[in-house]
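Please read it alongside the sequence and the model shown below.

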Amino acid sequence: MDSRIIGLGILLLLAGCDQNVQRPKTEEKDPFYTYTGYRDWWRFPLEYPYQMLMIDTFRAGYLEQYNPAYPVEDPNQSSTALLQDITLIAREKEFAALQTASEGLALLVYRTGELTEFNSEEELLSYLREHCQFAASLRWQDMDTCYREFEKSL
């Protein structure tokens, strides 16, 4: 084999390992995961395409499903409300448990989009053990705490 070809191959290999080689820039982050809201409304993403919106106050939020046909910056067109008056949320990788102002409980399973309501926390936890293989306790947070965590992560 020609030594010039081997030498060229080694040179190209070493050049590819150089830390200073110009690499293509990564794309900007998707606004679904970075947009925080505007003026009197705030949002934080859950697992795509679900998000929480708060309007005028952090006391309660709306669980919404995002429609990517519209920009996330326009919640009037880009999302559909699924549940309102949510005061507490427990976010996990596979689901979100929700508590409303009237102390109703609900569970959103991200993979299926199934939203199920429960009469008690015991009933919710039983369902989680049986259907989601979740045996830990839920870590409830209010909307303000979730939003502030999201904001800090950006």
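## Backbone features in the loops

R39 counts as exposed, at 69% relative accessibility; here buried means under 20% relative accessible area, exposed over 50%, and partly exposed in between (1.4 Å probe, protein chains only). The model is predicted, so local features need pLDDT of at least 70 and side-chain atom pairs count only at pLDDT 80 or more, whereas totals for chains, interfaces and linings use all residues. Residues are numbered from 1 along each chain as its sequence is written, and side-chain values use heavy atoms, with hydrogens and water left out.

R39 is located in the loop between β1 (37-38) and β2; helices (H or I, at least four residues) and strands (E, at least two) are DSSP runs numbered from the N terminus. The phi angle of R39 is positive, near 55°, in a residue other than glycine. E103 also has a positive phi, near 65°, and is likewise a residue other than glycine. E103 sits in the loop between β6 (95-100) and β7 (105-109), and its relative accessibility of 60% makes it exposed.

A cis peptide bond joins Y48 to P49, with omega near 10°. P49 belongs to the loop between β2 (41-45) and β3 (50-55).

Helix α4 (residues 121-132) consists of 12 residues and reaches 15 Å from its first C-alpha to its last, close to the 16 Å expected at 1.5 Å a residue. The expected span is 1.5 Å times one less than the number of residues in the helix.

Within α4, the residues L124, Y127 and L128 are buried. They cover an arc of only 100° around the axis, and therefore lie on the same side of α4; the arc is that of the directions from the helix axis to the C-beta atoms. The buried residues of α4 pack against β6, β7 and β8 (114-118), with contact defined as heavy atoms within 4.5 Å. On the face turned away from the buried side, α4 carries the exposed residues E122 and E130. Q133 follows α4 and has a positive phi, near 50°.

L138 is found in the loop between α4 and β9 (141-142). With a relative accessible area of 11%, L138 is buried. Not counting residues up to four places away in sequence, L138 touches A90, F95, A97, E121, L124, L125 and L128. The C-alpha atoms of L138 and R91 are separated by 8.3 Å, although these residues are 47 residues apart along the chain.

## A buried arginine

R43 lies in strand β2. A polar atom of the R43 side chain lies 2.9 Å from the backbone oxygen of F32, and the R43 side chain reaches the backbone oxygen of Y35 at 2.6 Å. Not counting residues up to four places away in sequence, R43 touches several residues, among them P31, T36, V72, Y147 and F150.

## Salt bridges

Side chains of opposite charge can pair when their charged atoms come close.

| E149 | R91 | 3.0 Å |

E149 forms a salt bridge with R91. E149 lies in helix α5 (residues 143-153) and R91 in strand β5 (residues 79-91), so the pair ties together parts that are 58 residues apart in sequence. Both partners are partly exposed, E149 with a relative accessible area of 35% and R91 with 28%.

D144 and R148 both belong to helix α5 and are four residues apart, about one turn of the helix. D144 is partly exposed at 28% relative accessibility, and R148 is partly exposed at 34%. E151 and R148, also both in helix α5, are three residues apart, about one turn of the helix. E151 is partly exposed, with a relative accessible area of 36%. Through shared partners, salt bridges join D144, R148 and E151 into one network.

Definitions and conventions:
Polar contact = N/O pair within 3.5 Å; in protein donor to acceptor, adjacent residues only side chain to side chain. Salt bridge = Lys/Arg side-chain N within 4 Å of Asp/Glu carboxyl O.
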